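Subject: Structure for your files

Hello,

The structure we talked about is below, with notes on what turned up in it. Please read the notes with the structure open.

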Amino acid sequence: MIEVTNLTKKFGDFMAVDDVSFNVADGEVFAFLGPNGAGKTTTVKMLTTLLHPTSGTMRLDNIDPVADPEGARRTFGIVFQDPSLDDDLTAWENMDLHGVLYDVPDVERHKRSEELLELVDLWDRKDSLVKEFSGGMKRRLEIARGLLHDPKILFLDEPTTGLDPQTRNLLWERLRELNKNEKMTIFLTTHYMEEADQMASRIAIMDHGKIIATGSSESLKKQTNTDSLEAAFLALTGRNIREEDAGSSGHAKNMGRVWQGGNRR
Amino acid sequence: MKKIYYLWLRQIKKYLRSTPRLAGLLAQPIIFLVMFGYGFGSSFGGGSNYLDYLAPGIVGMSIIFTAIFSGLEVIWDRQFGFLKETLVAPMPRTDVMIGRTAGTATAATIQGVVVLIISFLFGFRPVSWGAIVPAIFIMFLISLTFASLGTVIGSLLDDMQAFPIIINFLIQPMFFLSGALFTLQGLPDWLSFISRIDPLTYGVDALRVLLSDIGHTDLGLGIDTIVLVVTSLFFVFLGGYFFEKIQV
């Protein structure tokens, strides 16, 4: 469903994504695990036509997002890491606009919007402007909106950051259902180990723009001789730092921060 | 079409809901009508005649300052994230751009009509009431031109700070050199050249022909309209082109 070969993105001298290759099978739940600035979001942005890669090829359901961005956009839905709601619209209007833009038929759109707003406990506030919402409420609305339509592939970029445990559990439950019933392929990035551990059938660990290990949680533990994913993660990312000389690694990290700061605008 | 309509509607809602902005956008033409209409008019002698000359210019002014906001809205949406939501939607990005731009252009046209009504309160009367409808069409062409120009600028900039500079160095000169406030006779050649490539010149001229029949050039309504149609289409295409290229 997702094929990525030698994908690279450079911002000036900084290698945000460095020669990354991976495949995600149809109906699979695939997780990108990595520290901040590892290149997870940049990879998702390239896959979702928001950024052009420096080199490498990608396929979403056999469509090249560079050559046919519009075709690629029809295959996926995405929940972004940072806010992407319209603060001047109400919760309901945000849902409705999203449903229209994503071709959800009228009857279904209204039904599902109501159902999802109930689910994230925002139905009472559906006619309030989003700018009156707290951070947590906005995040919940964002998740509800992301689940309004059934794309073939759902990208979730650190979806649970800033979510309360209740909503987090709701989200995972819902995602499991979608994955099972609709055979939806799910691509998520996270830095919560237990999330990747529970949800993903395969995990790619990313650091400094490179994928340093791929496999199921079990195989990653076996590979590193550890008994938890966290220990495996630390073993892998730790080893990676020792492989590079300290200077350039520190530099890359700083560049990563500069880039992230600039990106947030 | 439905998607374009929803994006259009979003712009209209945002325009109507932003009360401080609405107030500011209405205060500006009122201040100009008072300051120039009374102040300038009396120092030049024929007070009411100057209002007849001024009113279409002020309508044009309020339109461009509202329409150019489309650019700020692109930057704003980029900064606050909503732009991404539309950029990954399964639709051509040019449709996204058209919906947004048409929405802002419609808002700017409404603004123009409201300012025209305000100018009635100051004593302005159109030469014929039947000319109001074609005048609104001209207002929409001006709105579309500048809303698209705003989209071009907004697609190229990712920084709010740069936007006021654009307003100062592009929109202010375009406004002053359009003949909205004073006749353009006796300008140095280079300034008169700039005024001739300024689309607002043709917009204000057309509004004058239709509404006050005073102080217009001898270009004629036909030429004015053709120039406005061509430039608005040109900027819509240019806006679509640059909007397509946005990376977030």
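A:Phe187 has 0% relative accessibility and so counts as buried, the limit being under 20%. A:Phe30 is buried too, likewise at 0% relative accessibility. Please keep in mind that this is a predicted model.

The search of the whole structure gives 21 aromatic pairs over all chains. In the pair made by A:Phe30 and A:Phe187, the ring centres are 5.7 Å apart and the planes stand at 40°, so the pair is tilted. It joins distant parts of the chain: A:Phe30 sits in strand E3 (residues 29–33) of chain A and A:Phe187 in strand E7 (residues 185–190) of chain A, 157 residues apart. Both belong to one aromatic cluster, together with A:Phe22, A:Phe32, A:Phe76 and A:Phe155.

Now the interface. Contact between the chains involves 37 residues of chain A and 28 residues of chain B. The buried area between chain A and chain B is about 2,900 Å², and carbon and sulfur atoms account for 52% of it.

Across this interface there are 9 salt bridges by the rule used. One of them pairs A:Asp86 with B:Arg10, whose closest N and O atoms are 2.4 Å apart. The residue pairs in polar contact between chain A and chain B, both at pLDDT 80 or more, number 21.

On the side of chain A that touches chain B, at least two residues each come from helix H2 (69–73), strand E5 (76–79), helix H3 (91–101) and helix H4 (106–119) of chain A. H3(A) gives the most, with 7 residues. By type, the residues of that side are 13 nonpolar, 8 polar and 16 charged.

Regards

Methods:
Residues are numbered from 1 along each chain as its sequence is written. Chains are lettered from A and ligands numbered from 1 in the order in which they are written. This is a predicted model: local features need pLDDT of at least 70, side-chain atom pairs count only at pLDDT 80 or more; totals for chains, interfaces and linings use all residues. Side-chain values use heavy atoms; hydrogens and water are left out. Contact means heavy atoms within 4.5 Å. Buried area is the accessible area (1.4 Å probe) that two parts lose on being put together, summed over both. A salt bridge is a side-chain nitrogen of Lys or Arg within 4 Å of a carboxyl oxygen of Asp or Glu. A polar contact is a pair of N or O atoms within 3.5 Å; within protein, one must be able to donate a hydrogen and the other to accept it, and residues adjacent in sequence count only if both atoms are side-chain atoms. Helices (H or I, at least four residues) and strands (E, at least two) are DSSP runs, numbered from the N terminus. Ala, Val, Leu, Ile, Met, Phe, Trp, Tyr, Cys and Pro count as nonpolar, Asp, Glu, Lys and Arg as charged, and the others, Gly among them, as polar. Rings of Phe, Tyr and Trp (its six-membered ring) pair if their centres lie within 6.5 Å; planes under 30 degrees apart count as stacked, over 60 as edge-to-face and the rest as tilted. Buried means under 20% relative accessible area, exposed over 50%, partly exposed in between (1.4 Å probe, protein chains only).
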